[in-house]
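Here is a short walk through one protein model. Keep the sequence and the 3D view side by side as you read.

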Amino acid sequence: MTQCVKCNYDKKGIESLVFQGEIWNKIRNNICMDCWSEWEDDMQMKVMNEYTLDLSNKQHRKYLTEKMKEFLSLN
Ligand SMILES: [Zn+2]
């Protein structure tokens, strides 16, 4: 179980996240699967469309990461 900082519930954690690094460890340790799915299956695309982000652009990737942290209450 993971105590999720976004929804504040003890819920099933994320098992499918393979990325390495500080932000990903934070997500693995502090975000539940439901909130992560909400971002990955829905919000991420909305943010990308809203700001017309191009993931081959480093600045855009950085911006998307900031938006992700914001959405997941990790700031
Ligand atoms: Zn949650």
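Which residues make up the largest nonpolar core? Eight residues do: Cys4, Ile14, Ile27, Ile31, Cys32, Cys35, Trp36 and Leu72. A nonpolar core here is a set of buried Ala, Val, Leu, Ile, Met, Phe, Trp, Tyr and Cys residues joined through C-beta atoms within 7 Å. A residue is buried if 20 or more other C-beta atoms lie within 10 Å of its own, exposed if 12 or fewer, and partly exposed in between, with C-beta atoms placed from the backbone. In soluble globular proteins, nonpolar side chains tend to be buried together.

Some ground rules come next. This is a predicted model, in which local features need pLDDT of at least 70, side-chain atom pairs count only at pLDDT 80 or more, and totals for chains, interfaces and linings use all residues. Residues are numbered from 1 along each chain as its sequence is written. The pLDDT is the predictor's confidence in each residue, from 0 to 100. The protein averages 96, and 100% of the residues score at least 70. Among the elements, helix H1 (residues 22–30) has the lowest mean pLDDT, 95. Strand E2 has the highest, 98.

Now the overall plan. The protein has three helices and two strands. Both kinds of element are DSSP runs, numbered from the N terminus: helices are H or I runs of at least four residues, strands are E runs of at least two. Along the sequence the pattern reads β-β-α-α-α. The C-alpha trace spans about 35 × 25 × 20 Å along its principal axes. For 75 residues, a compact globule would have a radius of gyration near 11 Å; the protein has 12 Å, which agrees. That radius is taken over C-alpha atoms, and the globule rule is 2.2 Å times the number of residues to the power 0.38. Of the 75 residues, 11% count as buried.

Contacts tie the chain together. Two residues are in contact if their C-beta atoms, placed from the backbone, lie within 7 Å. Among contacts between residues at least 6 apart in sequence, 43% join residues at least 24 apart.

Ile31 sits in the loop between H1 and H2. Is Ile31 buried or exposed? Ile31 is buried, because 26 other C-beta atoms lie within 10 Å. Leaving aside neighbours within four places in sequence, Ile31 is in contact with Thr2, Cys4, Val5, Lys6, Ile14, Trp36 and Leu72. Cys7 is 24 residues from Ile31 in sequence, yet their C-alpha atoms are 8.4 Å apart. Ile14 is another core member. Not counting residues up to four places away, Ile14 touches Ile27, Arg28, Ile31, Met33 and Trp36.

Ile23 gives another view. Ile23 lies in helix H1. With 14 C-beta neighbours inside 10 Å, Ile23 counts as partly exposed. Beyond its neighbours within four places in sequence, Ile23 is in contact with Thr65 and Lys69. Leu53 is 30 residues from Ile23 along the chain, and their C-alpha atoms are separated by 20 Å.

Next, follow the helices. The expected span of a helix is 1.5 Å times one less than its number of residues. H2 has 18 residues and should span 26 Å; its end C-alpha atoms are 24 Å apart, which agrees. Helix H3 (residues 58–71) has 14 residues and should span 20 Å; its end C-alpha atoms are 20 Å apart, which agrees. Just after H3, Ser73 takes a positive phi of about 60°.

Two loop residues also have positive phi. Asn8 lies in the loop between strand E1 (2–3) and strand E2 (10–11). Its phi is near 65°, and Asn8 is not a glycine. Asn8 is exposed, since 10 other C-beta atoms lie within 10 Å. Thr52 is in the loop between helix H2 (33–50) and H3. Thr52 has a phi of about 40° although it is not a glycine. How many other C-beta atoms lie within 10 Å of Thr52? There are 7, so Thr52 is exposed.

Asp54 belongs to the loop between H2 and H3. Asp54 counts as exposed, with 10 C-beta neighbours inside 10 Å.
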